[in-house]
Amino acid sequence: MSFRTETGTDLEKARQLLEAGEVVAIPTETVYGLAANALTPDAVVKIFEAKQRPRFNPLIIHLPDWNAVAKYTIDIPKEAELLARQFTPGPLTFLLKKSDLIPDLVTAGSPKVAVRIPAHPLTHQLLSKLDFPLSAPSANPFGYVSPTTAQHVYESLNGRIPYILDGGPCKVGVESTIVDFEDGEVIVRRKGGTSLEAMAGVLGHQPILKTGVEEHPVAPGQLKSHYATTTPLYVGDLPALAEKFSGKKTCIIAFGNNAAGLEAFKLFQLSELGSTEEAAKNLFSVMRRADQCGADVIIAGWLPETGLGPAINDRLSRAQKQG
Ligand code: TXA
Ligand code: MG
């Protein structure tokens, strides 16, 4: 199906399209999502088609508030309640046992559903008007960098969806942290916009990290090359990479002063002051600009493993040229 894709802030239009079983791009604080009625497989299928995403990859459902979660899940563990009190609405997604209302297509057959309460005023209003949850993956074609502005969504999905609800640039900039609960343990399946330190502060202990791709295919979206730029991207010791590619048109993705003294064809800064929050917010825009700047290669250094640094390093590592 082909559409004339419109962008705007018309909540009523978004609501009508979603109620009619269509797909609409929506803003969240993390990245833009590609949303459809989660209770109607015919609508959910359209997300997979627009994104060209494999159907074995399950989707997150979005709800207006934590009270709505009880209807679509069963046996919510007390650790989930604890984290929800602190971090919802916000960039944390909970893997919970699903109720029969959630179609198997949404969870790719898993008995658990991923649930999130996004913190974006426009999308909160939209979700409050609907009597169904919205299933929404990031609104990028499968395998490419996630979108953090309405324009990013337009660039890659123009003609494939009818409407983009424009909520401005995303404030967090990396996807939600995904947390799972098994036998009393709290397991982080994807690093994201809620830091591990903040979660440990609430839980009183470190959550377990099981984000590996091969070892734990429970989150199949954790495919290795998932945020890939078209221009090859390498991450590592920045001076060494600059030296290695000195004969090429090199684009540096810098953080703080880590590119000081290095020569480059282009340089994009994630955060002048070395803030991982600011870097997360800029990450996907910078990756897109780097990809489009005419360089032969993109190079970046690792960020510190604190705050949102781990989530950013994860995205950079998965965007890296393989082999
Ligand atoms: O911040 C976010 O989480 C954004 C915004 C739009 O909410 N959404 C997002 O969705 O990043 P997506 O589909 O790009 O990534 C969701 C991840 C995938 O890796 C998927 O495999 C995993 O969540 N996931 C979803 N449902 C799951 C389930 N039932 N069991 C295990 N993993 C699941
Ligand atoms: Mg995604």
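How many residue pairs are in polar contact across the interface of domain 1 and domain 2? The points below take this up, together with the cysteines and the salt bridges.

1. Basis of the note. This is a predicted model, in which local features need pLDDT of at least 70 and side-chain atom pairs count only at pLDDT 80 or more, while totals for chains, interfaces and linings use all residues. Residues are numbered from 1 along each chain as its sequence is written, chains are lettered from A and ligands numbered from 1 in the order in which they are written, and side-chain values use heavy atoms, with hydrogens and water left out.

2. Domains. The protein chain is split into domain 1, covering 6-209, and domain 2, covering 233-319, with bounds that come from an automatic or database domain assignment. Taken over C-alpha atoms, the centres of domain 1 and domain 2 are 28 Å apart.

3. Extent of the interface. Counting contact as heavy atoms within 4.5 Å, 21 residues of domain 1 touch 17 residues of domain 2. About 1,600 Å² is buried between domain 1 and domain 2, with carbon and sulfur atoms giving 52% of that area; buried area here is the accessible area (1.4 Å probe) that two parts lose on being put together, summed over both. On the side of domain 1, Val145, Val174 and Lys191 lose the most area to domain 2, and together they account for 31% of what that side buries.

4. Polar links between the domains. Six residue pairs, both at pLDDT 80 or more, are in polar contact across the interface of domain 1 and domain 2, where a polar contact is a pair of N or O atoms within 3.5 Å, one able to donate a hydrogen and the other to accept it, and residues adjacent in sequence count only if both atoms are side-chain atoms. One salt bridge is counted between domain 1 and domain 2, the term meaning a side-chain nitrogen of Lys or Arg within 4 Å of a carboxyl oxygen of Asp or Glu.

5. Salt bridges. The count by this rule is 16, and among them are Glu175 with Arg315, at 2.9 Å from N to O, and Glu12 with Arg15, whose closest N and O atoms are 2.5 Å apart. Glu6 also pairs with Arg4, at 3.5 Å between the closest N and O atoms; Glu6 is partly exposed at 31% relative accessible area, whereas Arg4 is exposed at 67% (buried is under 20%, exposed over 50%, partly exposed in between, with a 1.4 Å probe and protein chains only).

6. Cysteines. The structure holds zero disulfides, a disulfide being a pair of cysteine sulfur atoms within 2.5 Å. For Cys251, the nearest cysteine sulfur is that of Cys293, 4.0 Å away. Cys251 is buried, with a relative accessible area of 0%, and Cys170 is buried at 3%.
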